[in-house]
Amino acid sequence: MAESPSPGPLTHQKTLARGQPPPAAMTENEFQRFQALFAQTLGLSFTSEKRDLLTLRLAPRLAALGLRDYTAYHALIARPEAREERLRAFDLVTTHETWFFREIRHFDYLREQASEWPLDRKLRVWDAACSSGEEAYSIAMTLAEVMGTHRKRWELLASDISHPCLQAARHGKYPLGRGKDIPQRHLERFCLKGVHSQEGQFCIRRELRDTVHFKLINLVEPLPLLSPFDMIFLRNTLIYMNPAVRTSIVTALTSRLAPDGILFISHTESLQGLGLKFRLLQPGIYCRDY
Ligand SMILES: C[S@@+](CC[C@H](N)C(=O)[O-])C[C@H]1O[C@@H](n2cnc3c(N)ncnc32)[C@H](O)[C@@H]1O
């Protein structure tokens, strides 16, 4: 029987007794409620074809909490005070795919900019959807190679909505195979190969890890007060959002971008048609246009 959507404490939710069947399939009505919730809280737009995907991704939480159906789970995470469970749900429904030095041209551009950066101006970079840290460490390696690791020369904020991703990013440990796109010189200088119990993994050296400040930021909520950044990376994230959300996120980020600041999005994304004042410099690289 469907759970009432009215909010109530988790302990009041109906739970499954042992041996009861797993949660039923997500109904169209339930799917629409999740669609609305995730659009409002995350800015993500799930088209109807994504119903099975959403069902699959959320099913483990229903099972873990012993909830009978998706109505009960929706009611749970819609409650303002259920922040922790809502963050778990966010983590399950978002795509975290990433890799080191993804879209390598952007790192060539970053290196060029860093090597010409005035000595008396600190370069401030924000990686605004950093997933498990590969992108942030690619930025950090590029900057450290040119500018060193001294905090006076540059700083890097890396944020995401996913708590587990941020934890993994802070640890900076990855399976060896994930290092295949890191240039050899960076592997030698910034990475350590695991031995004994760490066999099959590598980690980012402490010196580089300490240059990155990881923080949980939801881009659809009012942004924290941050001094202007010279560069913001927001790659492979807008693609999951509808045009209105894209516009409002990029507008909010622009308010944290220096007047001569640069915005990086993916080669496969575009700011065209969003009514924003940006000029394309290279594929996926924009500067503000006045
Ligand atoms: C596909 S990954 C892209 C990672 C990296 N930028 C790259 O290009 O490889 C998208 C990331 O955006 C994050 N994300 C999605 N919606 C978000 C939001 N509203 N606020 C902050 N991060 C969000 C997800 O958690 C995920 O880690």
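Arg-121 forms a salt bridge with Asp-230, their closest N and O atoms lying 2.5 Å apart, where a salt bridge is a side-chain nitrogen of Lys or Arg within 4 Å of a carboxyl oxygen of Asp or Glu. The pair joins distant parts of the chain, 109 residues apart, with Arg-121 in the loop between helix H5 (104-115) and strand E1 (123-127) and Asp-230 in strand E7 (residues 229-233); helices (H or I, at least four residues) and strands (E, at least two) are DSSP runs numbered from the N terminus. Over the whole structure, the search finds 15 salt bridges.

The model is predicted, so that local features need pLDDT of at least 70 and side-chain atom pairs count only at pLDDT 80 or more, whereas totals for chains, interfaces and linings use all residues. Residues are numbered from 1 along each chain as its sequence is written, and side-chain values use heavy atoms, with hydrogens and water left out.

The domain assignment gives domain 1 (10-93) and domain 2 (104-288), such bounds coming from an automatic or database assignment. Their centres, taken over C-alpha atoms, are separated by 31 Å. Ten residues of domain 1 are in contact with ten residues of domain 2, contact meaning heavy atoms within 4.5 Å. Between them the two domains bury about 800 Å², 59% of it on carbon and sulfur atoms; this is the accessible area (1.4 Å probe) that two parts lose on being put together, summed over both. The count of salt bridges between the domains is zero, while three residue pairs, both at pLDDT 80 or more, are in polar contact across the interface. A polar contact is a pair of N or O atoms within 3.5 Å; within protein, one must be able to donate a hydrogen and the other to accept it, and residues adjacent in sequence count only if both atoms are side-chain atoms. On the side of domain 1 that touches domain 2, helix H1 (28-42) and helix H4 (83-93) each supply at least two residues, and H4 gives the most, with four.

Turning to the ligand, Thr-98, Arg-102, Ala-129, Asp-160 and Asn-236 come nearest among the 19 residues around it, each counted if one of its heavy atoms lies within 4 Å. A polar side-chain atom of Asp-160 lies 2.6 Å from a ligand oxygen atom.
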